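Welcome! Take a look at the structure below, and then we will go through some questions together.

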Amino acid sequence: MSNWDRFVETFFNGRMMAKYLPDIAYGTLVTVELAALVIVSGLAAGLALALLRSLGYRPVNLLLIFVVDLFRALPPLVIIVFIYFGLPAIDVSPSGFVSTWLSLAMVLMAFSEEIFWAGITSIPKGQWEAARSTGLSYGQTLISVVLPQAIRLTIPPLTNRTIAITKGTALGTVVAVSEILGMASSAVSNSYNPSPLTLGAAAYLILFFPMVVFGRWLETKMRWKR
Amino acid sequence: MLQTFLNPDIISAAWKIILAGLGNTVLLSVVVVPLGLFGGLVLALLAGVRSPWVRWPLVVWVDFFRAFPPLVLLIFLFAGLPFAGLELGGFACVCIAFFLNTGAYYGEILRAGIESVPSGQIDAARSTGLGRLQTMLYVVLPQAVRNVLPDLLSNTLEVVKLTSLGSVVAMPELLFQARQAQSLTYNPTPIVVAALIYFVMLWPLVRLLSRLENRQLARR
(Lines give C-alpha, C1' and ligand atoms only; values in the text may rest on other atoms or scores of the structure.)
Protein backbone atom coordinates (compact mmCIF):
# COMPACT_ATOMS: atom_id res chain seq x y z
CA MET A 1 0.00 0.00 0.00
CA SER A 2 1.45 3.36 -1.01
CA ASN A 3 1.60 6.28 1.37
CA TRP A 4 -1.20 8.04 -0.44
CA ASP A 5 -3.47 4.99 -0.19
CA ARG A 6 -2.74 4.73 3.49
CA PHE A 7 -3.52 8.41 3.94
CA VAL A 8 -6.88 8.04 2.13
CA GLU A 9 -7.63 4.85 4.06
CA THR A 10 -7.02 6.72 7.30
CA PHE A 11 -8.69 10.09 6.79
CA PHE A 12 -11.19 9.38 3.99
CA ASN A 13 -12.24 5.86 4.84
CA GLY A 14 -15.52 5.35 2.94
CA ARG A 15 -16.71 2.49 5.11
CA MET A 16 -16.21 4.46 8.32
CA MET A 17 -17.80 7.54 6.85
CA ALA A 18 -20.86 5.60 5.71
CA LYS A 19 -21.13 3.99 9.12
CA TYR A 20 -21.06 7.26 11.03
CA LEU A 21 -22.93 9.41 8.52
CA PRO A 22 -26.23 9.15 10.45
CA ASP A 23 -24.45 10.25 13.67
CA ILE A 24 -22.87 13.25 11.98
CA ALA A 25 -26.19 14.11 10.31
CA TYR A 26 -27.86 14.05 13.72
CA GLY A 27 -25.07 16.23 15.10
CA THR A 28 -25.56 18.67 12.24
CA LEU A 29 -29.22 18.92 13.17
CA VAL A 30 -28.33 19.71 16.77
CA THR A 31 -25.77 22.30 15.66
CA VAL A 32 -28.31 23.99 13.38
CA GLU A 33 -30.91 23.98 16.16
CA LEU A 34 -28.45 25.44 18.64
CA ALA A 35 -27.19 28.02 16.16
CA ALA A 36 -30.72 29.15 15.26
CA LEU A 37 -31.64 29.53 18.94
CA VAL A 38 -28.47 31.49 19.65
CA ILE A 39 -28.92 33.83 16.68
CA VAL A 40 -32.60 34.58 17.28
CA SER A 41 -32.42 35.07 21.05
CA GLY A 42 -29.02 36.79 21.00
CA LEU A 43 -29.94 39.36 18.36
CA ALA A 44 -33.38 39.99 19.87
CA ALA A 45 -31.88 40.57 23.31
CA GLY A 46 -29.16 42.78 21.84
CA LEU A 47 -31.67 44.95 19.99
CA ALA A 48 -33.86 45.16 23.10
CA LEU A 49 -30.89 46.32 25.19
CA ALA A 50 -29.90 48.91 22.58
CA LEU A 51 -33.46 50.29 22.58
CA LEU A 52 -33.50 50.34 26.36
CA ARG A 53 -30.22 52.23 26.27
CA SER A 54 -31.67 54.82 23.89
CA LEU A 55 -34.20 55.80 26.56
CA GLY A 56 -31.30 57.33 28.48
CA TYR A 57 -31.88 56.35 32.12
CA ARG A 58 -28.44 56.74 33.58
CA PRO A 59 -28.47 54.06 36.31
CA VAL A 60 -30.01 51.56 33.91
CA ASN A 61 -27.44 52.40 31.26
CA LEU A 62 -24.48 52.03 33.61
CA LEU A 63 -25.66 48.56 34.59
CA LEU A 64 -26.33 47.73 30.97
CA ILE A 65 -22.88 48.82 29.84
CA PHE A 66 -21.32 46.76 32.60
CA VAL A 67 -23.20 43.64 31.56
CA VAL A 68 -22.28 44.19 27.92
CA ASP A 69 -18.60 44.70 28.82
CA LEU A 70 -18.65 41.59 30.98
CA PHE A 71 -19.84 39.35 28.18
CA ARG A 72 -17.47 40.92 25.70
CA ALA A 73 -14.50 40.34 28.00
CA LEU A 74 -15.22 36.77 29.12
CA PRO A 75 -14.25 33.90 26.80
CA PRO A 76 -17.43 32.02 25.79
CA LEU A 77 -15.93 28.74 26.95
CA VAL A 78 -15.42 30.16 30.45
CA ILE A 79 -19.09 31.17 30.60
CA ILE A 80 -20.17 27.73 29.39
CA VAL A 81 -17.97 26.00 31.97
CA PHE A 82 -19.27 28.27 34.71
CA ILE A 83 -22.93 27.61 33.88
CA TYR A 84 -22.48 23.88 33.39
CA PHE A 85 -20.03 23.05 36.18
CA GLY A 86 -20.55 26.01 38.52
CA LEU A 87 -24.30 26.51 38.82
CA PRO A 88 -25.05 22.96 40.04
CA ALA A 89 -23.44 24.09 43.33
CA ILE A 90 -26.63 26.06 43.99
CA ASP A 91 -28.82 23.24 42.68
CA VAL A 92 -29.38 24.72 39.25
CA SER A 93 -28.31 22.11 36.71
CA PRO A 94 -28.85 23.23 33.12
CA SER A 95 -28.09 20.67 30.41
CA GLY A 96 -25.07 21.10 28.18
CA PHE A 97 -27.33 22.26 25.38
CA VAL A 98 -28.94 24.94 27.54
CA SER A 99 -25.56 26.03 28.97
CA THR A 100 -24.09 26.48 25.51
CA TRP A 101 -27.19 28.22 24.22
CA LEU A 102 -27.35 30.66 27.15
CA SER A 103 -23.64 31.47 27.01
CA LEU A 104 -23.47 32.11 23.29
CA ALA A 105 -26.76 34.01 23.29
CA MET A 106 -25.47 36.33 26.02
CA VAL A 107 -22.19 36.88 24.17
CA LEU A 108 -24.07 37.65 20.96
CA MET A 109 -26.41 39.90 22.93
CA ALA A 110 -23.46 41.92 24.22
CA PHE A 111 -21.76 42.28 20.84
CA SER A 112 -24.95 43.01 18.91
CA GLU A 113 -26.06 45.59 21.50
CA GLU A 114 -22.83 47.49 20.89
CA ILE A 115 -23.29 47.35 17.13
CA PHE A 116 -26.99 48.30 17.24
CA TRP A 117 -26.19 51.11 19.64
CA ALA A 118 -23.42 52.45 17.41
CA GLY A 119 -25.92 52.33 14.55
CA ILE A 120 -28.53 54.26 16.50
CA THR A 121 -26.08 56.94 17.61
CA SER A 122 -24.80 57.32 14.05
CA ILE A 123 -28.15 58.81 13.01
CA PRO A 124 -27.76 62.60 13.30
CA LYS A 125 -29.73 64.28 16.10
CA GLY A 126 -31.37 66.56 13.53
CA GLN A 127 -33.28 63.60 12.14
CA TRP A 128 -34.73 62.81 15.56
CA GLU A 129 -35.76 66.42 16.00
CA ALA A 130 -37.21 66.69 12.50
CA ALA A 131 -39.21 63.50 12.91
CA ARG A 132 -40.50 64.49 16.34
CA SER A 133 -41.47 67.96 15.10
CA THR A 134 -43.61 66.45 12.33
CA GLY A 135 -45.68 64.93 15.09
CA LEU A 136 -44.20 61.41 15.24
CA SER A 137 -43.98 59.97 18.73
CA TYR A 138 -40.71 58.66 20.22
CA GLY A 139 -41.59 55.09 19.30
CA GLN A 140 -42.68 56.00 15.78
CA THR A 141 -39.47 57.98 15.20
CA LEU A 142 -37.42 55.03 16.37
CA ILE A 143 -39.24 52.45 14.26
CA SER A 144 -39.89 54.41 11.07
CA VAL A 145 -36.92 56.78 10.89
CA VAL A 146 -33.97 55.70 12.99
CA LEU A 147 -33.98 51.91 13.00
CA PRO A 148 -34.30 51.38 9.22
CA GLN A 149 -31.16 53.46 8.67
CA ALA A 150 -29.34 52.17 11.73
CA ILE A 151 -29.92 48.52 10.90
CA ARG A 152 -28.71 48.99 7.32
CA LEU A 153 -25.49 50.44 8.62
CA THR A 154 -25.02 47.65 11.11
CA ILE A 155 -25.69 44.69 8.82
CA PRO A 156 -22.12 43.92 7.66
CA PRO A 157 -20.43 44.01 11.09
CA LEU A 158 -23.42 42.24 12.61
CA THR A 159 -23.30 39.43 10.06
CA ASN A 160 -19.60 38.79 10.59
CA ARG A 161 -19.92 38.87 14.36
CA THR A 162 -22.93 36.57 14.31
CA ILE A 163 -21.05 34.02 12.18
CA ALA A 164 -18.03 34.15 14.48
CA ILE A 165 -20.16 33.57 17.59
CA THR A 166 -22.33 30.91 15.98
CA LYS A 167 -19.19 28.90 15.18
CA GLY A 168 -18.85 28.69 18.97
CA THR A 169 -21.57 26.01 18.99
CA ALA A 170 -18.61 23.62 18.62
CA LEU A 171 -17.70 24.54 22.21
CA GLY A 172 -20.79 22.59 23.26
CA THR A 173 -18.73 19.45 22.84
CA VAL A 174 -16.86 20.33 26.07
CA VAL A 175 -20.13 20.00 28.02
CA ALA A 176 -21.29 16.86 26.17
CA VAL A 177 -23.69 18.40 23.69
CA SER A 178 -24.17 15.92 20.85
CA GLU A 179 -23.47 18.45 18.11
CA ILE A 180 -21.23 17.79 15.10
CA LEU A 181 -17.86 17.91 16.87
CA GLY A 182 -19.13 15.90 19.83
CA MET A 183 -20.57 13.17 17.63
CA ALA A 184 -17.43 13.12 15.47
CA SER A 185 -15.09 12.91 18.46
CA SER A 186 -16.92 10.01 20.04
CA ALA A 187 -17.09 8.26 16.67
CA VAL A 188 -13.31 8.62 16.38
CA SER A 189 -12.72 7.03 19.76
CA ASN A 190 -15.21 4.24 19.00
CA SER A 191 -13.86 3.39 15.57
CA TYR A 192 -10.23 4.27 16.18
CA ASN A 193 -10.22 6.04 12.82
CA PRO A 194 -10.26 9.81 12.17
CA SER A 195 -12.57 9.64 9.12
CA PRO A 196 -15.66 10.69 11.12
CA LEU A 197 -13.75 13.82 12.09
CA THR A 198 -13.11 14.57 8.41
CA LEU A 199 -16.83 14.12 7.85
CA GLY A 200 -17.61 16.46 10.73
CA ALA A 201 -15.18 19.06 9.37
CA ALA A 202 -16.96 18.79 6.02
CA ALA A 203 -20.32 19.33 7.75
CA TYR A 204 -19.00 22.52 9.39
CA LEU A 205 -17.74 23.76 6.05
CA ILE A 206 -21.09 23.06 4.38
CA LEU A 207 -22.83 25.02 7.14
CA PHE A 208 -20.48 27.96 7.55
CA PHE A 209 -18.66 28.45 4.26
CA PRO A 210 -21.76 29.86 2.50
CA MET A 211 -22.35 32.13 5.49
CA VAL A 212 -18.80 33.51 5.33
CA VAL A 213 -19.06 34.07 1.57
CA PHE A 214 -22.41 35.77 2.11
CA GLY A 215 -20.88 38.01 4.76
CA ARG A 216 -18.03 38.96 2.43
CA TRP A 217 -20.55 39.74 -0.35
CA LEU A 218 -22.64 41.90 2.00
CA GLU A 219 -19.55 43.81 3.06
CA THR A 220 -18.55 44.66 -0.52
CA LYS A 221 -22.10 45.53 -1.49
CA MET A 222 -22.53 47.96 1.38
CA ARG A 223 -19.11 49.47 0.77
CA TRP A 224 -19.91 50.32 -2.86
CA LYS A 225 -23.19 51.95 -1.99
CA ARG A 226 -21.81 54.21 0.71
CA MET B 1 -23.86 32.42 48.02
CA LEU B 2 -20.44 33.93 48.70
CA GLN B 3 -19.43 30.71 50.46
CA THR B 4 -20.25 28.83 47.29
CA PHE B 5 -18.91 31.06 44.54
CA LEU B 6 -16.16 33.08 46.21
CA ASN B 7 -15.05 30.98 49.13
CA PRO B 8 -11.93 32.54 50.75
CA ASP B 9 -10.63 29.18 51.99
CA ILE B 10 -10.82 27.73 48.52
CA ILE B 11 -9.11 30.80 47.07
CA SER B 12 -6.22 30.54 49.49
CA ALA B 13 -5.89 26.85 48.69
CA ALA B 14 -6.10 27.19 44.92
CA TRP B 15 -4.52 30.52 44.05
CA LYS B 16 -1.18 28.98 43.18
CA ILE B 17 -2.73 26.61 40.64
CA ILE B 18 -4.77 29.41 39.12
CA LEU B 19 -1.82 31.78 38.96
CA ALA B 20 0.23 29.20 37.08
CA GLY B 21 -2.64 29.03 34.61
CA LEU B 22 -2.65 32.79 34.22
CA GLY B 23 1.07 32.69 33.44
CA ASN B 24 0.47 30.14 30.70
CA THR B 25 -2.43 32.11 29.27
CA VAL B 26 -0.23 35.20 29.02
CA LEU B 27 2.59 33.16 27.52
CA LEU B 28 0.24 31.57 24.99
CA SER B 29 -1.18 34.96 24.02
CA VAL B 30 2.28 36.44 23.60
CA VAL B 31 3.19 33.61 21.22
CA VAL B 32 -0.09 33.34 19.36
CA VAL B 33 -0.90 37.01 18.68
CA PRO B 34 2.35 37.83 16.81
CA LEU B 35 2.09 34.50 14.99
CA GLY B 36 -1.41 35.36 13.76
CA LEU B 37 -0.37 38.91 12.89
CA PHE B 38 2.54 37.59 10.88
CA GLY B 39 0.30 35.13 9.01
CA GLY B 40 -2.22 37.89 8.41
CA LEU B 41 0.43 40.24 7.08
CA VAL B 42 1.64 37.62 4.60
CA LEU B 43 -1.94 37.03 3.42
CA ALA B 44 -2.65 40.76 3.16
CA LEU B 45 0.51 41.40 1.13
CA LEU B 46 -0.28 38.48 -1.17
CA ALA B 47 -3.77 39.94 -1.68
CA GLY B 48 -2.10 42.83 -3.50
CA VAL B 49 -0.93 40.47 -6.24
CA ARG B 50 -3.15 41.00 -9.28
CA SER B 51 -2.92 37.51 -10.77
CA PRO B 52 -6.15 35.50 -10.41
CA TRP B 53 -3.98 32.43 -9.74
CA VAL B 54 -2.96 34.01 -6.47
CA ARG B 55 -6.09 35.97 -5.64
CA TRP B 56 -8.72 33.24 -5.79
CA PRO B 57 -6.88 30.53 -3.87
CA LEU B 58 -6.19 33.24 -1.30
CA VAL B 59 -9.86 34.15 -0.93
CA VAL B 60 -10.76 30.47 -0.58
CA TRP B 61 -7.99 29.94 1.97
CA VAL B 62 -9.13 32.89 4.09
CA ASP B 63 -12.83 32.00 3.92
CA PHE B 64 -12.05 28.35 4.60
CA PHE B 65 -10.36 29.17 7.88
CA ARG B 66 -12.94 31.79 8.79
CA ALA B 67 -15.67 29.18 8.27
CA PHE B 68 -13.92 26.51 10.33
CA PRO B 69 -14.63 26.70 14.06
CA PRO B 70 -11.19 27.00 15.74
CA LEU B 71 -12.04 24.21 18.17
CA VAL B 72 -12.74 21.83 15.27
CA LEU B 73 -9.38 22.72 13.76
CA LEU B 74 -7.69 22.19 17.11
CA ILE B 75 -9.33 18.80 17.69
CA PHE B 76 -8.48 17.75 14.16
CA LEU B 77 -4.81 18.51 14.73
CA PHE B 78 -4.77 17.06 18.23
CA ALA B 79 -6.88 13.94 17.75
CA GLY B 80 -6.71 13.40 13.99
CA LEU B 81 -3.06 13.86 13.04
CA PRO B 82 -1.72 11.17 15.42
CA PHE B 83 -3.46 8.66 13.10
CA ALA B 84 -1.09 9.83 10.39
CA GLY B 85 1.79 9.19 12.75
CA LEU B 86 2.21 12.87 13.52
CA GLU B 87 1.97 13.42 17.25
CA LEU B 88 2.17 17.12 18.09
CA GLY B 89 1.81 18.33 21.65
CA GLY B 90 -1.09 20.46 22.85
CA PHE B 91 0.98 23.63 22.66
CA ALA B 92 2.07 23.04 19.06
CA CYS B 93 -1.51 22.19 18.05
CA VAL B 94 -2.84 25.40 19.61
CA CYS B 95 -0.15 27.43 17.85
CA ILE B 96 -0.82 25.90 14.42
CA ALA B 97 -4.62 26.09 14.75
CA PHE B 98 -4.47 29.70 15.88
CA PHE B 99 -1.95 30.62 13.22
CA LEU B 100 -4.37 29.35 10.57
CA ASN B 101 -7.55 30.71 12.13
CA THR B 102 -6.50 34.10 13.45
CA GLY B 103 -4.13 34.61 10.52
CA ALA B 104 -7.16 34.53 8.22
CA TYR B 105 -8.96 37.12 10.33
CA TYR B 106 -5.92 39.39 10.70
CA GLY B 107 -5.32 39.00 6.96
CA GLU B 108 -8.80 40.28 6.09
CA ILE B 109 -8.40 43.25 8.43
CA LEU B 110 -4.94 44.20 7.15
CA ARG B 111 -6.06 43.80 3.55
CA ALA B 112 -8.90 46.26 4.15
CA GLY B 113 -6.39 48.59 5.78
CA ILE B 114 -3.97 48.43 2.87
CA GLU B 115 -6.81 49.01 0.41
CA SER B 116 -7.89 52.08 2.39
CA VAL B 117 -4.62 53.85 1.56
CA PRO B 118 -5.16 55.86 -1.67
CA SER B 119 -3.12 54.52 -4.59
CA GLY B 120 -1.88 58.05 -5.34
CA GLN B 121 0.25 57.79 -2.24
CA ILE B 122 1.96 54.67 -3.55
CA ASP B 123 2.64 56.40 -6.89
CA ALA B 124 3.98 59.44 -5.07
CA ALA B 125 6.22 57.36 -2.83
CA ARG B 126 7.55 55.34 -5.76
CA SER B 127 8.25 58.51 -7.74
CA THR B 128 10.41 59.88 -4.95
CA GLY B 129 12.66 56.89 -5.48
CA LEU B 130 11.43 54.56 -2.72
CA GLY B 131 11.42 50.90 -3.66
CA ARG B 132 8.32 48.69 -3.50
CA LEU B 133 9.26 47.28 -0.11
CA GLN B 134 10.17 50.70 1.28
CA THR B 135 6.86 52.14 0.05
CA MET B 136 5.00 49.32 1.77
CA LEU B 137 6.96 49.62 5.02
CA TYR B 138 7.18 53.38 5.39
CA VAL B 139 4.13 54.73 3.57
CA VAL B 140 1.35 52.17 3.24
CA LEU B 141 1.55 49.96 6.32
CA PRO B 142 1.70 52.69 8.98
CA GLN B 143 -1.45 54.31 7.60
CA ALA B 144 -3.13 50.98 6.95
CA VAL B 145 -2.58 49.87 10.53
CA ARG B 146 -3.86 53.16 11.88
CA ASN B 147 -6.99 52.98 9.73
CA VAL B 148 -7.98 49.53 10.97
CA LEU B 149 -6.61 49.77 14.49
CA PRO B 150 -10.00 49.18 16.16
CA ASP B 151 -10.51 45.99 14.16
CA LEU B 152 -6.97 44.81 14.90
CA LEU B 153 -7.47 45.37 18.62
CA SER B 154 -10.87 43.73 18.54
CA ASN B 155 -9.41 40.66 16.88
CA THR B 156 -6.57 40.58 19.38
CA LEU B 157 -9.14 40.55 22.18
CA GLU B 158 -10.81 37.58 20.50
CA VAL B 159 -7.48 35.78 20.18
CA VAL B 160 -6.69 36.18 23.87
CA LYS B 161 -10.16 34.89 24.74
CA LEU B 162 -9.68 32.03 22.31
CA THR B 163 -6.62 30.79 24.21
CA SER B 164 -9.16 29.28 26.65
CA LEU B 165 -9.68 26.58 24.01
CA GLY B 166 -6.26 25.29 24.99
CA SER B 167 -7.96 23.71 28.01
CA VAL B 168 -9.64 21.20 25.68
CA VAL B 169 -6.26 19.78 24.60
CA ALA B 170 -4.93 19.81 28.18
CA MET B 171 -2.85 22.97 27.86
CA PRO B 172 -2.50 24.10 31.48
CA GLU B 173 -3.79 27.62 30.83
CA LEU B 174 -6.12 29.66 33.06
CA LEU B 175 -9.38 27.83 32.35
CA PHE B 176 -7.78 24.39 32.48
CA GLN B 177 -6.11 25.11 35.83
CA ALA B 178 -9.34 26.52 37.22
CA ARG B 179 -11.19 23.35 36.16
CA GLN B 180 -8.50 21.24 37.83
CA ALA B 181 -8.80 23.24 41.03
CA GLN B 182 -12.57 23.03 40.86
CA SER B 183 -12.60 19.25 40.57
CA LEU B 184 -10.07 18.97 43.39
CA THR B 185 -12.07 21.18 45.75
CA TYR B 186 -15.61 20.32 44.63
CA ASN B 187 -16.34 24.04 44.59
CA PRO B 188 -16.96 26.45 41.70
CA THR B 189 -14.87 29.24 43.29
CA PRO B 190 -11.79 28.63 41.07
CA ILE B 191 -13.90 29.07 37.93
CA VAL B 192 -15.32 32.32 39.28
CA VAL B 193 -11.81 33.50 40.10
CA ALA B 194 -10.60 32.61 36.62
CA ALA B 195 -13.55 34.50 35.11
CA LEU B 196 -12.71 37.50 37.30
CA ILE B 197 -9.10 37.39 36.14
CA TYR B 198 -10.16 37.30 32.48
CA PHE B 199 -12.52 40.20 33.11
CA VAL B 200 -10.00 42.38 34.95
CA MET B 201 -7.36 41.62 32.33
CA LEU B 202 -9.55 42.36 29.32
CA TRP B 203 -11.98 45.00 30.56
CA PRO B 204 -9.71 47.99 29.75
CA LEU B 205 -9.37 46.72 26.20
CA VAL B 206 -13.14 46.25 25.88
CA ARG B 207 -13.75 49.82 27.15
CA LEU B 208 -11.20 51.26 24.74
CA LEU B 209 -12.66 49.29 21.85
CA SER B 210 -16.21 50.30 22.50
CA ARG B 211 -15.14 53.96 22.37
CA LEU B 212 -13.12 53.50 19.18
CA GLU B 213 -15.91 51.55 17.49
CA ASN B 214 -18.58 54.09 18.34
CA ARG B 215 -16.45 56.85 16.94
CA GLN B 216 -15.64 54.87 13.81
CA LEU B 217 -19.27 54.04 12.99
CA ALA B 218 -20.51 57.53 13.83
CA ARG B 219 -18.02 59.06 11.40
CA ARG B 220 -19.53 57.29 8.39
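Q: Is the crossing of helix 2 of chain B and helix 5 of chain B left-handed or right-handed?
A: This is a predicted model, in which local features need pLDDT of at least 70, side-chain atom pairs count only at pLDDT 80 or more, and totals for chains, interfaces and linings use all residues. Residues are numbered from 1 along each chain as its sequence is written, with chains lettered from A and ligands numbered from 1 in the order in which they are written. A crossing is left-handed if the near helix is turned anticlockwise from the far one by less than a right angle, and right-handed if clockwise. For helix 2 of chain B and helix 5 of chain B, the crossing is right-handed.

Q: Which class gives 16 residues to the contact of helix 2 of chain B with helix 5 of chain B?
A: Ala, Val, Leu, Ile, Met, Phe, Trp, Tyr, Cys and Pro count as nonpolar, Asp, Glu, Lys and Arg as charged, and the others, Gly among them, as polar. Residues of helix 2 of chain B in this contact include B:Leu28 and B:Gly36, and those of helix 5 of chain B include B:Phe98 and B:Arg111. Six residues are polar and one is charged, while the class with 16 is nonpolar.

Q: How far apart are the end C-alpha atoms of helix 5 of chain B?
A: Helices (H or I, at least four residues) are DSSP runs, numbered from the N terminus. The expected span is 1.5 Å times one less than the number of residues. The 26 residues of helix 5 of chain B should therefore span 38 Å, and this agrees with the distance between the end C-alpha atoms, 37 Å.

Q: Where does helix 5 of chain B bend by about 25°?
A: The bend at a residue is the angle between axes fitted to the seven residues ending there and the seven starting there. In helix 5 of chain B, the bend of about 25° is at B:Gly103.

Q: Which helix of chain B gives the largest share of the side that touches chain A?
A: Two residues are in contact if their C-beta atoms, placed from the backbone, lie within 7 Å. In this way 39 residues of chain B are in contact with 41 residues of chain A. Helix 3, helix 4, helix 9 and helix 10 of chain B each give two or more residues to that side. The largest share, 15 residues, comes from helix 10 of chain B.

Q: How many helices are there in chain B?
A: The C-alpha atoms of chain B fill a box of roughly 70 × 50 × 25 Å, taken along the principal axes. Chain B has zero strands, and its number of helices is ten.
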